Amino acid sequence: MCYNKYMQKKIAKKLKTSKGRKKSRAVGAIEFQTLEFPYFEKGGFWFASVAVISAALVINFILAQKYFLTFIFLVALVVFLRLGFEKPKKIAIKIDSNGLRFRHRFYPWSVFTTFGILTKKTARPRLYLYFPGMFSIPLLIQLPKNISLESIKKSLSARLPEKNIKRLALTDAINQYLKF
């Protein structure tokens, strides 16, 4: 069975069982715009590092007569550089009683297990929404400065349990280290 069909059946089952439950107190919809991902400025050292590492690997692959591997690596390098130059766009976020609208996708509350807000002095607050599954990557929303963290927490606490977050998720830590 396809994973999407499995998740759709699981969501439908949760919705059926939650119809009989008492509804949580209504909290108004929260709408805001934010960047689609955290952006890190890349300097000359970043580009020089990529160039030196890439040149060393390409020379190594050619000397080892691994031409197909060289081609695959060059394609991966083009994708890596394209992602490195990409700048985030502004996207609309809407949080209401039905779920979360992120870009053009709608997520009902039943697809999330928990949420957490990471606040650091050096960066903007980040909202993490966790999916079920041990290896699932959380949905990251970078919160704007003009929105109240308490209103977000109040709205989400009515629907999901809160998780205490002390550090970045692994995928975000890797992205921050590579400046993606």
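How are α2 and α3 oriented to each other, roughly parallel or roughly antiparallel? The two helices are roughly antiparallel, where angles under 35 degrees count as roughly parallel, over 145 as roughly antiparallel, 65 to 115 as roughly perpendicular and the rest as oblique. Before the details, a word on the model itself. This is a predicted model, in which local features need pLDDT of at least 70 and side-chain atom pairs count only at pLDDT 80 or more, while totals for chains, interfaces and linings use all residues. Residues are numbered from 1 along each chain as its sequence is written, and side-chain values use heavy atoms, with hydrogens and water left out.

**Overall layout**

The chain has 5 helices and 7 strands; helices (H or I, at least four residues) and strands (E, at least two) are DSSP runs, numbered from the N terminus. Along the sequence they follow the pattern α-β-α-α-β-β-β-β-β-β-α-α. Of the 180 residues in the chain, 34% are buried, with buried meaning under 20% relative accessible area, exposed over 50%, and partly exposed in between (1.4 Å probe, protein chains only). Among contacts with a separation of 6 or more, 63% link residues 24 or more positions apart; a contact here means heavy atoms within 4.5 Å.

**The helix pair**

Two packed helices are described by the angle between their axes and the distance between the axes. For α2 (residues 44-63) and α3 (residues 67-85), the axes come within 9 Å and cross at roughly 170°. Such axes are lines fitted to C-alpha atoms, for helices over the stretch in contact, and angles run from 0 to 180 degrees between N-to-C directions. Residues making the contact include Trp46, Phe47 and Phe61 of α2 and Phe73, Leu77 and Phe85 of α3. The contact residues divide into 15 nonpolar, 3 polar and no charged. In that count, Ala, Val, Leu, Ile, Met, Phe, Trp, Tyr, Cys and Pro are nonpolar, Asp, Glu, Lys and Arg are charged, and the others, Gly among them, are polar.

Strand β1 has a covered face of Ile30, Phe32 and Thr34, and an uncovered one of Glu31, Gln33 and Leu35.

The other open sheet has 3 strands in the order β5-β6-β7, again with antiparallel pairing. Here β5 (114-118) and β7 (139-142) stand at the edges with a single partner strand each, so one side of each is left without a neighbour. The twist averages 20° from one strand to the next. Helix α4 also lies across β5 and β6, running at about 170° to β5.

| Strand pair | Bridges | Residues opposite each other |
|---|---|---|
| β1 and β2 | 6 bridges | Gln33 and Ala92 |
| β3 and β4 | 4 bridges | Leu100 and Tyr107 |

**Nonpolar cores**

A nonpolar core is a set of buried Ala, Val, Leu, Ile, Met, Phe, Trp, Tyr and Cys residues joined through side-chain atoms within 4.5 Å. The largest one has 22 residues, and Leu100 and Ile152 have the most contacts inside it. Two or more residues each come from β1, β2, β3, β5, β6, β7 and α4, and β2 gives the most, with 3 residues. Leaving aside neighbours within four places in sequence, Ile152 is in contact with Ile30, Phe32, Ile95, Ile117, Leu127, Leu143 and Ile147. A second, separate core of 7 residues includes Leu118, Tyr128, Tyr130 and Ala169.

**A loop residue**

Finally, have a look at Thr113, in the loop between β4 and β5. Thr113 is partly exposed, with a relative accessible area of 32%. Its C-alpha atom is separated by 5.6 Å from that of Phe131, 18 residues apart along the chain. Beyond neighbours within four places in sequence, Thr113 is in contact with Tyr130, Phe131, Pro132, Leu160 and Pro161.

Methods:
Two strands pair if DSSP finds at least two bridges between them.
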